[in-house]
Amino acid sequence: MRVLIIEDDPAIAANLYDFLEARGHSVDAAADGVTGLHLAVTQRFDGILLDLGLPGMGGAALCRKLRDEAHVDTPVLMLTARDTLEDKLKGFEHGADDYLVKPFALKEVEARLLALHKRHAGKVTSRLLEVNDLSFDPKTLSVRFAGTEVRLPPKCMRLLELMMGEPGRVFSRRELESEIWGDTQKTSDTLRSHMHVLRRALTQAGGRDPIETVHGIGYRLHSNAGA
Ligand code: CA
């Protein structure tokens with residue numbers, strides 16, 4: 001799993017980092033909310049460990065921005081110092097998926113992260129994706145845009161599925177490449193040409209291009225594809 005730790009206590013962050021990395025996960029860490037939010041929005045993670053009490057932007061505000069503004073639905077496991085109902089409610093209200101009270105067992109953190117990831121992955125791969133009049137059914141591999149069936153090569157379909165999973169979010173080119181082609185080395189032309197095929201097919205079907213190039217970064221699907 002790719003895990004992001006957002007925690008300002010260096011000892012706790014180091015413990016989590018070392019444990020998860022030793023267990024084979026790929027780990028990134030941020031010591032404040034602003035840096036953490038930036039990482040969570042610009043890179044793809046399977047789970048986020050989020051401290052509730054952070055300097056500057058707190059965990060609750062970060063989680064809310066992640067969900068409501070960046071439209072990122074990466075599972076969030078909230079970490080808090082106190083076991084109060086108020087803290088717990090604050091976490092869930094702002095979009096956290098689960099909650100752990102310090103001190104916690106490292107194995108418990110990993111188990112919760114794996115459970116959240118499994119639940120999230122199941123939800124993502126089996127559900128019908130709809131962004132306004134664009135829809136993708138992963139079970140039948142049927143793509144429809146503005147009422148018209150769109151025929152797409154498998155890699156283009158996978159690109160669309162990824163972006164439809166988080167409409168409005170900017171996906172970096174590297175992230176899309178590693179999701180579609182894994183770590184096998186690809187030239188940037190491979191992604192560009194697949195993106196071209198995808199956008200042309202969608203534009204032909206729906207009369208407009210719902211994908212936007214974010215210069216110097218990557219691509220995003222308009223969350224208001226109808227606009
Ligand atoms: Ca803290």
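Modeller: A crossing is called right-handed if the near helix is turned clockwise from the far one by less than a right angle. In this predicted model, α2 passes α3 in such a right-handed crossing.

Colleague: What is the angle between α2 and α3, and how far apart are their axes?

Modeller: Helix α2 covers residues 33-42 and helix α3 covers residues 59-69. Their axes come within 10 Å and cross at roughly 25°.

Colleague: Why is α2 called roughly parallel to α3?

Modeller: Angles under 35 degrees count as roughly parallel. The crossing is at roughly 25°, so α2 is roughly parallel to α3.

Colleague: Which residues of α2 and α3 meet?

Modeller: From α2 they are Gly33, Gly36, Leu37, Ala40 and Val41, and these meet Leu62, Lys65 and Leu66 in α3.

Colleague: What makes α7 and α8 roughly perpendicular?

Modeller: The label covers angles of 65 to 115 degrees. Helices α7 and α8 pack at about 85°, with axes 10 Å apart, and are therefore roughly perpendicular to each other. At this packing, Arg173, Leu176, Glu177 and Trp181 of α7 meet Ser188, Thr190, Leu191, His194 and Met195 of α8.

Colleague: Which residues touch the most other members of the largest nonpolar core?

Modeller: Leu152, Met195 and Leu198 do, in a core of 28 residues. Several elements each supply at least two residues of this core, among them β6, β7, α7 and α8. Helix α6 gives the most, with seven residues.

Colleague: What is Leu152 in contact with, leaving aside its neighbours within four places in sequence?

Modeller: Leu152 is in contact with Val143, Met157, Leu160, Leu198 and Ala201. There is also a second, separate core of 22 residues, which includes Ile48, Leu52, Val76 and Tyr99.

Colleague: Is Asp51 buried or exposed?

Modeller: Buried means under 20% relative accessible area. Asp51 has 3%, so Asp51 is buried.

Colleague: Why is Gly53 called partly exposed?

Modeller: Exposed means over 50%, and partly exposed lies between that and the 20% limit for buried. Gly53 has a relative accessible area of 49%, so Gly53 is partly exposed.

Note on methods: Residues numbered from 1 in each chain as written. Predicted model: local features only at pLDDT ≥ 70, side-chain atom pairs only at ≥ 80, totals over all residues. Heavy atoms only, no water. Core = buried A, V, L, I, M, F, W, Y, C linked by side-chain atoms within 4.5 Å. Buried < 20%, exposed > 50% of the residue type's maximum accessible area, 1.4 Å probe, protein only. Helix = DSSP H or I, 4+ residues; strand = E, 2+ residues; numbered from the N terminus. Contact = heavy atoms within 4.5 Å. Axes fitted to C-alpha atoms, helices over the stretch in contact; angles between N-to-C directions. Parallel < 35°, antiparallel > 145°, perpendicular 65-115°, else oblique.
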